[in-house]
Amino acid sequence: MMSAEAVQRLIINMKFFLIILLFVCAGSSAQQKNKKLQTAVGNFYSALLDKDTAVLKLLTDDKLVYGHSNGWNQGKTELINDLFNGKLTYSSIKQSNEEIVVDKNTACVRGKIDVTVVMSATKLNFNLYSLMVWIYKKGSWKLLSRQGIKL
Amino acid sequence: MKKLFILICSAFLFVAANAQTKNEKAVTENVLAFHKAVFISKDSLALEQLSADEVTYGHSKGKLENRKQMIDAVSKNTSVYSNIEAKNITVIINGKTAVTRYWLTGIETKKDGKVTKLSLNIIQAWVKKAKHWKMMGRQAVAVD
């Protein structure tokens, strides 16, 4: 039989352990969320290059506004249709200097981006800076807004 | 019975729609308050209240500031702005995230007398924290 004091000590130790466990879990889930976001950004660019409209549909919010550096804005349907109909063909997208800020279920992703795109049979190269706003919904990240800025 | 059901449904819809408009209104007010604090009153206190701790503030030429740098820069800004207007404000809300865009026009007169015509598209990301919308990210884009 344990003394009452020993039992009490055990309970305190267990409480301490649980609290630590909670912090570790919260930390790792935040890390996982961050990792998921990085994957989503990569998958989004791959889908633009591959014209993978199924993936684009999954990775974008219905209210998406995709703003280009010249002031042209595409909605979700437009973004997908313009790729599908051949209005735009991305031939290369390279992102660097990625900076991610996550606040609960909202994330801002900034980065430099070098894009080569074919539009109306003309090849264009853009050296841009971009800001993306992502939201976390039901376990996955969705792009809500994007803006390109000419450097 | 059917009537009651319809009534309850429409009451729910009304509440939901009302919450949406309320949020839209609150976010729009914040956009205007932030705009005023930066370009008109240079009010650092308002900026502190309106921005999240982790805010990143991007200028049209690529300069990126954190919260402290942004507030410092605004309160020490010696430029004078005239005919400053915020046009075509759009607000998109999904849950506790909002994205706003607007077109800023006006004239900037620098301390040395240099005059520049401003035409900027400004995109902002907002998060709702403890019932208040706080700016989390901002980026200006120069437009012709």
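Chain A puts 27 residues into the contact and chain B puts in 25, where contact means heavy atoms within 4.5 Å. This is a predicted model, in which local features need pLDDT of at least 70, side-chain atom pairs count only at pLDDT 80 or more, and totals for chains, interfaces and linings use all residues. Residues are numbered from 1 along each chain as its sequence is written, chains are lettered from A and ligands numbered from 1 in the order in which they are written, and side-chain values use heavy atoms, with hydrogens and water left out.

## The interface

The size of an interface is often given as the accessible area lost when the parts come together. Here, chain A and chain B bury about 2,000 Å² between them. Carbon and sulfur atoms carry 63% of that area. Buried area is the accessible area (1.4 Å probe) that two parts lose on being put together, summed over both. On the chain A side, the most area is lost by A:Lys63, A:Asp103 and A:Arg110. Together they make up 25% of what that side buries.

Polar pairing comes next. Eleven residue pairs are in polar contact across the interface of chain A and chain B, both residues being at pLDDT 80 or more. A polar contact is a pair of N or O atoms within 3.5 Å; within protein, one must be able to donate a hydrogen and the other to accept it, and residues adjacent in sequence count only if both atoms are side-chain atoms.

Five strands of chain A give two or more residues each to the side that touches chain B: E1 (60–67), E3 (88–103), E4 (106–119), E5 (122–137) and E6 (140–150). E6(A) gives the most, with six residues. Helices (H or I, at least four residues) and strands (E, at least two) are DSSP runs, numbered from the N terminus. By class, this side of chain A has eleven nonpolar, nine polar and seven charged residues. Ala, Val, Leu, Ile, Met, Phe, Trp, Tyr, Cys and Pro count as nonpolar, Asp, Glu, Lys and Arg as charged, and the others, Gly among them, as polar.

## Salt bridges

Side chains of opposite charge can pair when their charged atoms come close. A salt bridge is a side-chain nitrogen of Lys or Arg within 4 Å of a carboxyl oxygen of Asp or Glu. The whole structure holds seven salt bridges over all chains. Between chain A and chain B the count is one.

| Pair | Distance, N to O |
|---|---|
| A:Asp103 and B:Lys129 | 2.6 Å |
| A:Lys76 and A:Asp62 | 3.2 Å |
| B:Lys68 and B:Asp72 | 3.6 Å |
| B:Glu65 and B:Lys63 | 3.8 Å |

A:Asp103 and B:Lys129 also belong to a network of salt bridges that includes B:Glu54.

For the accessibility classes, buried means under 20% relative accessible area, exposed over 50%, and partly exposed in between (1.4 Å probe, protein chains only). The salt bridge of A:Lys76 and A:Asp62 ties together parts 14 residues apart in sequence, because A:Lys76 lies in helix H3 of chain A and A:Asp62 in strand E1 of chain A. A:Lys76 is buried, at 13%. A:Asp62 is exposed, at 65%.

In chain B, B:Lys68 and B:Asp72 are four residues apart in helix H3 (residues 67–75), so about one helical turn separates them. B:Lys68 is exposed at 60% relative accessibility, and B:Asp72 is partly exposed at 30%. B:Glu65 is buried, with a relative accessible area of 7%.

## Helix H3 of chain A

Helix H3 (residues 76–84) of chain A has five named buried residues: A:Lys76, A:Leu79, A:Ile80, A:Asp82 and A:Leu83. They lie on the same side of H3(A), because they cover an arc of only 165° around the axis. The arc is that of the directions from the helix axis to the C-beta atoms. A:Thr77 and A:Phe84 are exposed on the other side of H3(A). A:Gly86 follows H3(A), with a positive phi near 85°.

A:Leu49 is in helix H1 (residues 4–50) of chain A. A:Leu49 is partly exposed, at 30% relative accessibility. Leaving out residues up to four places away in sequence, A:Leu49 touches A:Tyr90, A:Ser91, A:Ser92 and A:Ile93. The C-alpha atoms of A:Leu49 and A:Leu37 are separated by 19 Å, at twelve residues apart along the chain.

B:Asn30 lies in helix H1 (residues 2–39) of chain B. B:Asn30 is buried, at 14% relative accessibility. With residues up to four places away in sequence not counted, B:Asn30 touches B:Leu50, B:Trp126 and B:Trp133.
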